[in-house]
Amino acid sequence: MMRIDCPHCGPRGQVEFSYERTLDSVVTLDMEPAVAVARLYARTNPRGLDDELWRHGLGCRQWLVLRRHRVTHAIESVAAFDPAVHR
Amino acid sequence: MSGPARIGDRDGETLRFIFDGVPMRARPGDTLAAALLANGVGLVARSFKYHRPRGIMAAGVEEPNALVTVGEGGRTEPNTRATDLFVYDGLVASSQNRWPSLGFDMGAVNGLVARFLSAGFYYKTFFGPPSRWMVYEKVIRRAAGLGKAPTEADPDRYQHRSAFCDVLVVGGGPAGLVAAMEAAQAGERVLLVEQDRELGGSALRDDIHLPVTAAGLEKAGVRILTRTTASGLWDHSFVTLNERLVEPGQRPEAGRPAQRLRHVRAGRIVLATGAIERPLTFAGNDRPGVMLSQAVRTYVHRFGVLPGRRVVIATNNDDAYLTAEAITVAGGEVVAILDARTAVAASRFPVFTDAVPLATRGTRHHLTAVEARVGEVVRRFDADLLAMSGGFTPVVHLHSQAGGKLDWRADLQAFVPGASLQAVTSVGSAAGEIHPIAASAANLPDPKHSFVDFQNDVTVADVDLAWREGYRSVEHLKRYTTLGMATDQGKTSNMAALARLAAVAGVEIPEAGLTTFRPPFTPITLGALAGADGGGHAAPTRCLALHDHHQRHDPLWQPLGYWFRPRAYPVNGETLHEAALREARAVRTSAGIVDVSTLAKFAVAGPDAAAFLEMVCATGVAKLAVGRGRYTFMLREDGMVMDDGTVWRLDEQRYLLTSSTGGVDRMEAHLSYAHRVLAPQLRVSVVAQQEHFAGIALAGPLAVEILQALIGMLPPAHMGVARAEIAGVAVMILAASYSGERAFEVYAEGMSAGPVWDALEGETRRRGGCPYGLEALEFLRIEKGHIVIGAEADGRTTPHDLRLERMLRKSGGFIGRSALDRPALTTADRLQLVGLVAPDAAIPEGSMLLVKAGSPPVGHVTSAAGRVLGGGAVALGLLRGGRERQSEALIASSPTRGQHVRVTVVDPVFYDVEGTRYRD
Amino acid sequence: MGSLMRYSAFALLRGGLTGQRHWPRAWRDPAPRKHYEVIIIGGGGHGLSTAYYLAKVHGIRNIAVLEKGWIGGGNTGRNTTIVRSNYRQPALHTLFDFALNLWEGMSDELNYNVMFSQRGALFLGHSDSDMTRLAERGDALRCAGIDAELLSRDEVHKLVPLLDMSPDARFPIHGGMIQRRGGTARHDAVAWGYARAADRLGVDIIQNCEVTGFSMVGGRIAGVETTRGGIGADRVGICVAGNSGPVAAMAGIRLPIEAQTLQAFVTEPVKPMIDTVVMSQSLHCYISQSDKGGIVLGGDPDQFPSYAQRGLPPRIEKAAAEAIALVPALSRLRMVRCWSGTTDMSFDGSPIISALPVEGLYLNGGWCYGGFKATPGSGWCYAHLLATGESHRLAAPFGFDRFAVGATIDEAGVGFMPQLR
């Protein structure tokens, strides 16, 4: 039960959030079909840090980018999703 | 007089309890174990495999032997540790796993053939077909298991609570009390939890001065929870606590729960969890009358019970000498202290150095003698109690659960907490402030009867055997022998096992391996885990805003996810089918109303609303005129049809999107993703409104007339929008048809929709119509060939599969477009939507479509119904290459239901093919 | 007196009379050789069964199984021991039923009692719609020659007397669908049994040997780097379940797989009370009783990527709540142990048994939370692939390229997001 510090709501329990996908799996509508499909189905899935998209569904309902370690569950950073930064 | 007994008089024994049918008395504050000892009971249980007689070995949660069943009826709790249960008046307890009685147990015959039942014996025999194994299994299962579960439902309630604190202190012994006070005085919010009924820890056992009292702590603002076990330490200092408000089997006060589970988020955690004493390993170390030395002191000092009068003490450390003192003061005689060390300080007791116990002698109920090796000589001591101390094991479970490392201390022969990944510190004996000991010698003359895991009957011989056969890692050893996997979770066996493993491997203990620690620290009832969500609350129940309006007609209710929706409104003893057919016919011939409130509804507004909708919807949207709507569908990113519904342009920049009931959460997340992540630059707002509006669909040839009567004007044209009032309530009317008749969806705010339903129902009934439910709705939409999410659109079908490809927006730019070109999505042999008809018999829904009997399925029936008007059955299905198989004859086969029906492939629309009935 | 190589009741008798002194090691502990024809990375049930069939069926003698820890320490030792083949999708039920047939002869084949108990795998239906879904699945199975039987409410009650049969139960029982050939097995014994049998056929099982990289020559696999040195190989088969991603990454390959935690727990042992495996069509909760007497329970996965093998308490609490709703008598039983495995969630929920885009490198993974029941079938097909370079006909639908091509096999119909599965 991780503690996630939502930039809008403050520290909350993991139950309020849902994991959605990795940041590098986001497929925009202007991508070439082959590129889009490849992005959809390929993951690095590291035993370490990764950038993940989570949603604070039972709170502010906003999209967050978590940089999180998949073995220790240590959360390096939480930020509101920002297309200028995260795409 | 020999055997255990109460010290002093017995006047204070005011509590009455029963053990194995025998009435006994106990003092308030006694554990069941203490009370049994005070009543002279030595034999309490039978061991799991060999049914050896067992008594009480410890005084706390680490007890492996004294398991009893307590409580009655639905409060029966098997496998309860007698040492972890405080006697209450009226307690009923009985021994387990014995027949016909504890004293004379047939299961003891296992002990006679023990040599053949060594660890893992069952892997080496019982071969043959599975049916033969299952014959053996029946016998094994009956012999296995300890207590018997209750059969009645649990009458008690359980609560969950959340808590937050700056410091969580686990353990109310001397170290924990000090840590709690220090934190409180530094201004931190402190929560102190203690699994016992009282604070004090080791001070309850020995005369240790406590610098801090409960009252002092409370004055300093510390919140104290007793009878509360810290069960698990999860991510980020999240701790689950199990609080017992009553003892196992005890009836709670009226209206109060029996247990609470608390979810605590702490700033930091201090573990003052103490250390557990290690047994010694020798033949017959499992006999009644063999106890842990500190447990003996606990019984003497805390409970006023002397577990034996002629006592042998066996130890490898100084602590046990305190037990000698305690015994003597209480009036017992210390016959010998067997000290494994070669040099010890002078003592007034008869100490034998370089001395270890070899074996015990006794009856089923009591110990009578101890055989020991003293130097080179074997000596025998008559005794009725053997108090053993093999050193101490710091309780590091929570530290380890949190990912903390363990360090090996050779001087203590113990693992102590090392570096932690979380904000967790350990203090006191949990941190390694325990007596040092030396590594034990490996030679044991009788490994077959020297127990390592008492509860699972695992001996030193079993450990040796596992090693011999190559099960050498700790986990293999544990799983092969089952040691450490009993209800005591290895608290008194892990170190002994590691020590033996290390000895036979010829390495130090840390090289032999480490045990892993998993929650819970002590076992927790499933009822406590479920909390208030047990039983009827295991899933929410969602009722329609118009629930009471439906309930008036006593409908058959249908669950759809968490919702309950009317399935049909039978009258005059109608069956479901009769009612649904009547309702559907009413829709086709006069009119009907159905509650469609659960449909997903999304308000999409803003200058870029149309552009947004065109991202999500695979059909055209942007060209919709104000006041008009159309059917639409949405694709998943992989091109599969994910949901369908309608989109309406209410205003220049305001749209309403509807979609399926079951897909509400999915669609909400999808829209949010499309908006916030894919196209945050679009100026649009999306608001989910499923619960806000109640929706009533009015359908039938008389629908126009009915609606006009209520709103006082001409209703909107097909796929048009209008705003009006019904019975004084503002409504929005969307002219859409799902049934195939002229129809209108009437939306009103949920809380105000009652009069709208009443008005519609009144006008409808007056013209010979009626309310209809989901069953009738199914009949109607199947005839019209409308697909349903979850049936035809099963998450594996593309628009082309469902004959929707002509509606795909040619300009593209919608989610899912890029995945649609993948080669396997356009092959001719894909499962494709077809219609099926049968002249007489019903077509079984879900049945397989076969070319001929016995051939492999080429498709299946997704939705089936009888024709509403006229005879015969119709169905929708998915058929390989179905679009090219018009007129083919197939069999719809359901072996599980014994139905096989001849069907013919047709276009998937059976009623009003030209589409005239629902238009103006 | 010679060592007791072959297990039998007679051998047990001899063993008991001679103080159990003559039992040999179940498998050797060899040092790795310089080169093998086939290296299998991963010493779980699938990897070990692959090695066994490579030796037994294909006669290959130069095989190594490299296991980073102790064999069977991954998901093989952490699952809820359910064996069944009643999946809806033909490609899946065909493969799983092939495995089920192998289960039926496994103990004798391996001369190791895996305690395969065909006590039935029962799915409960809680509504008419559930029952139709179960009937559809049953019909698909029966048309494929696989056993499936619809049960009425009363028949379900007879099978599981402790179910809450009251009409206003939160999950009322409408009936069920049972596969009588399904049931449970002793999971550790499967790993040990295959290990011992493979070892007897000359397979080197090398524990405490973690693969840290691949060595390539001319774009082709030449071997592996490990914590015990470099080892050459003609072909390398990855078979590491939850760790598929990190191992494939060592060869520069990204997989349609995400690691996810799945928890399970067991109660203290009690006398027999549940005689079949109880699952639900609409709940994720499953209940069975081990031969030792503990009730084994599982529920929803944790639904976010993790290798921590440490789970979310709410999942356990929800599984307990649903279990009690189904079987109220469970309320006073105590959870004594809970644990987690790391499941390899593939992006259509079906396994990948396939060559990878690097020549000489193969993958068997993506079994999500359904791998244990497939153990012998998975090993059989993977051995076929590693031995011949061609997919076994049962494994042909499970190629690595099916995602790019659009030929996914999606039993649940939820698409590529593992957390929705």
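B:Asp235 and C:Arg310 are joined by a salt bridge, with their closest N and O atoms 2.7 Å apart. That pair belongs to the interface of chain C and chain B, where 10 salt bridges are found. Please keep in mind that this is a predicted model. Chain B also touches chain A, and the contact there takes 27 residues from chain A and 23 residues from chain B.

**Where chain C meets chain B**

- On this interface, 103 residues of chain C are in contact with 114 residues of chain B.
- About 9,100 Å² is buried between chain C and chain B, and carbon and sulfur atoms give 57% of that area.
- Within chain C, the residues that lose the most area to chain B are C:Arg170, C:Lys271 and C:Arg332, which together make up 10% of what that side buries.
- Several elements of chain C give two or more residues to the side that touches chain B, including helix H1 (9-17), helix H5 (128-143), helix H9 (313-326) and strand S16 (334-346).
- Which element gives the most to this side of chain C? H5(C) does, with 9 residues.
- Sorted by class, the side of chain C that touches chain B has 51 nonpolar, 25 polar and 27 charged residues.

**A strand pairing between chains**

- Strand S31 (residues 524-525) of chain B pairs with S16(C) in the antiparallel sense, over 2 bridges.
- Look for B:Thr525 here: its bridge partner in S16(C) is C:Arg334.

- The area buried between chain A and chain B is about 2,100 Å², with 56% given by carbon and sulfur atoms.
- A:Met1, A:Leu29 and A:Trp63 supply 29% of the area that chain A buries against chain B, more than any other three residues.
- How many salt bridges are counted between chain A and chain B? There are 3 salt bridges.
- One salt bridge brings together the side chains of A:Arg21 and B:Glu637, at 2.6 Å from N to O.
- Polar contacts between chain A and chain B come to 13 residue pairs.
- Helix H1 (33-41) and strand S4 (49-55) of chain A each supply at least two residues of the side that touches chain B.
- H1(A) provides the largest share of that side, 5 residues.
- The residues on the side of chain A that touches chain B divide into 16 nonpolar, 6 polar and 5 charged.

Technical notes: Residues numbered from 1 in each chain as written. Chains lettered and ligands numbered in written order. Predicted model: local features only at pLDDT ≥ 70, side-chain atom pairs only at ≥ 80, totals over all residues. Heavy atoms only, no water. Contact = heavy atoms within 4.5 Å. Buried area = accessible area lost by both parts, 1.4 Å probe. Salt bridge = Lys/Arg side-chain N within 4 Å of Asp/Glu carboxyl O. Polar contact = N/O pair within 3.5 Å; in protein donor to acceptor, adjacent residues only side chain to side chain. Helix = DSSP H or I, 4+ residues; strand = E, 2+ residues; numbered from the N terminus. Nonpolar A, V, L, I, M, F, W, Y, C, P; charged D, E, K, R; others polar. Pairing = 2+ DSSP bridges.
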